[in-house]
Amino acid sequence: MCKAGTRNQERVRRVERRVATTRWRRIVSAAWRSITVWAVSTLTMLVLAGILPDFRLQSPDGDSATRIAITAALGAGAFGLLSAVVWPLLVRTLLLVPALVLGLLVFFLNGSLLLLAMRLNPAGRGEVAPETAVVVAAVMSAVASATGAALAVRDDDAYRRRLSRLADRRRRRDPDPGCPRTPGTVFLQLDGVGHDVLVSAIGKGLMPTVATWLGAPDDPARSDDEVPSGATHRLTPWRTDWSSQTGASQLGILHGSNHDVPAFRWYEKDTGEVMVCNRPTSAAELQRRAVRRTGDGGLLTVDGASRGNLFSGGADQLALVLSVSARRGPQNRSRAGYFAYFSDPANAVRTALSFVAEVARELGQSTYARLRRHRPRVSRGGLYPLIRAFATVVERDVVVAAVIGDMLAGRGAVYADLVAYDEVAHHSGPRGHDTERVLMRLDRSLALLAKVADHAPRPYRIVVLSDHGQSPGETFLGRYGLTLANLVRAGCGLPVPRRAGRTHSGAEARAAVRAALHRPVEETRVPVTPARGSEPVVLASGNLGLISFPDVPHRMTRQEIDRRHPALLSTLANHPGIGFLLVADEVHGGVVLGARGVEVPLADLDHDPGPLAEFGPGAARAVRRTHSFPHVADVMVNSWYDPVDGEVLAFEEQIGSHGGLGGSQNLPFLLSPLDLPDPLADHKELVGAEQLYELFRCWLGAAEGPQVPVSLTHPGRTRAGTFRRT
């Protein structure tokens, strides 16, 4: 009882400190805005004094620049104070005056306030003609108003109030009495945030909104079956497939199948193409395959909206969806989200200011890391500061605004992806000051959406999840001085370049930037009929590597590879940076190869995991499933993994990576409201994105009623399947 009482007291103290900190932040923010407006008004007064002949801020004999500046500052302060105190009283007094007369009277009243301010100026040196006072007061009021508005648009509370007012006007103008009273569901994907990162952020007080939902901000490591008093949500980890990346996870979540998605990028021998999940044409093809396999249009087919995702989920309302961004003409509504957002000047100002601040923040953080010689570290120069600002500001603001619009419109199901953390963690690492700041801003976005739900025409349940985590560690190139491609060339007896080439990072933010600019994304092609004896195709997806021999039309077996390149498999398996290999086998069907000649048939992995033992539970299942894919590579390579530190070696230029097996990348989270069925009610654990699709479909069906397919469109089209309620 004593320990419980101490914990409760400590919890109360932490909450009180957080409330006090929030209150002081608001006070400091308001003071900073007031000082800024005062400074801008002072500068405006100085400029007008230099332009207008009947407006002076100095005595007839002349004054020093300092005295003139003091006079301007005191005059601007007095004018601002009088405007704040006297103007509301005047407005109340003049409510009965006709609008046209009041509009003209405003200028004279403002001029009178400026004359009074100059009279009250302690410096006693200002002088202005009455007719000039009207002009000066009008200009100063306009500049002060614009400055205050520019500063206020970055304030979430002001932003929420403005959106709520717009929504109220729209409802009054176009009332919709048919909006259902059943709860809608908003799925918010925090891209790349692992379960361990979320728990740590809650413990550090970085995400107070999530902590409040869980009801125990000071005890995130509580027992899973214990629901604290005051909690509204439950936190559940889930396990990814071998391909722990957004393409595989989101395709499974939104369309119910990620079959034959072995990695983020892979080579398909039957078409001679490299499929890349963040390429619009590849995303459209993957969505078409999933729809054809399941016969289901997607999770969002009924009254749904897809925002900032790789795939549409069958939604009618689309914004920033990659799988439709390659379309030409009016049928492409994906980029319309940008135009709808930036058509509002207040949104443009809000995002532009934050964009500039984020670029400056990244330049400062990267310079600090370079000066302090932080290790591991990757290049953060070139266009990366702009790409990071796009992911953490532009994409976030546009997607959040779109979700707010969906909630205020009363849509039944919304799925949105926020890629900010994933982009920063790739270059700064999953943990650290840089990513902590991003998590704090994501929590503010969650708080904003929770407040908007209070103004929505129907109740909403907010489900927060991640598609994968990220595992830390230096790059394969950084540790060993060569890329995986060069190691493969050496094993094949091919010449190795003197200078190792860097593998391009496949972060989702780059695809979003290119799609927004209407530019192709990684349109890498391999000839359909390459010459016999051509070089192997080596691709990287985080710490997962794929090796294919394009001149052999089928998947090569271990025996065929050994006959052609006797040293390749042993070179790879015995390299200290490689964890294990997966290859086909003429005798066993498939085998896992490890160092020092270890080989385990896939059928024996359950009782003899071999090199998979260090990769934790579920590794054998994930490897066997990937082995069954038609387009799995000839050789699948997973990097080394340290189970103590949780580190992997990325084959791309990333110090926070995902895409293979090993560590936090395979354990994302699901944060769901308590009034939804327990995700683990029918399962010991959640395994694979397809299982999340079934769970979410069940949740939506319980809210909207049963749904049955009406028809499927031609399988060649991206969207297919419509449903009706019964």
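Mentor: A helix here is a DSSP run of H or I that is at least four residues long, and helices are numbered from the N terminus. By that rule, residues 195-203 form helix α6, and I202 belongs to it. Keep in mind that this is a predicted model. I202 has a relative accessible area of 2%. Buried means under 20%, so I202 is buried. T212 is 10 residues away from I202 along the chain, and 9.5 Å separates their C-alpha atoms.

The part to look at closely is helix α13, which runs over residues 420-428. Is it mostly covered or mostly open? It is mostly covered, with nine of its nine residues buried. They include the charged residues D422 and E423, and also Y421, A425 and H426. Directly after the helix comes G429, whose phi is positive, at about 95 degrees.

Two other helices lie against α13. Start with helix α12, residues 384-409. The axes of α12 and α13 come within 7 Å, and the crossing angle is roughly 150 degrees. Angles over 145 degrees count as roughly antiparallel, and α12 and α13 are therefore roughly antiparallel to each other. Their crossing is left-handed. On the α12 side, the contact is formed by Y384, I387, R388, A391 and T392. On the α13 side, it is formed by A420, E423, V424, H427 and S428. Sorted by class, this contact has five nonpolar, three polar and two charged residues.

The other helix is α14, residues 433-452. Its axis and that of α13 come within 9 Å and cross at roughly 175 degrees. That angle makes α13 roughly antiparallel to α14. Here α13 contributes A420, Y421, V424, A425 and S428. They meet D434, T435, V438, L439 and L442 of α14. The classes in this contact are seven nonpolar, two polar and one charged. A420, V424 and S428 take part in the contact with α12, and A420, V424 and S428 also meet α14.

Now the wider setting. In soluble globular proteins, nonpolar side chains tend to be buried together. In this model the largest nonpolar core has 65 residues, and the members that touch the most others are F187, W242, V623, L670 and F696. Helix α21, residues 689-704, supplies the largest share of that core, at seven residues. Leaving aside residues up to four places away in sequence, W242 touches L544, F580, L582 and V623, among others.

S548 is part of strand β13, residues 544-548, and S548 is buried at a relative accessible area of 4%. With residues up to four places away in sequence set aside, S548 touches Y267, P536, V537, A633 and D634.

For the chain as a whole, there are 21 helices and 24 strands. Of its 726 residues, 53% are buried. Among contacts with a separation of 6 or more, 72% join residues 24 or more positions apart.

Terms used. Residues numbered from 1 in each chain as written. Predicted model: local features only at pLDDT ≥ 70, side-chain atom pairs only at ≥ 80, totals over all residues. Heavy atoms only, no water. Core = buried A, V, L, I, M, F, W, Y, C linked by side-chain atoms within 4.5 Å. Buried < 20%, exposed > 50% of the residue type's maximum accessible area, 1.4 Å probe, protein only. Contact = heavy atoms within 4.5 Å. Axes fitted to C-alpha atoms, helices over the stretch in contact; angles between N-to-C directions. Parallel < 35°, antiparallel > 145°, perpendicular 65-115°, else oblique. Left-handed = near helix turned anticlockwise from the far one by under 90°.
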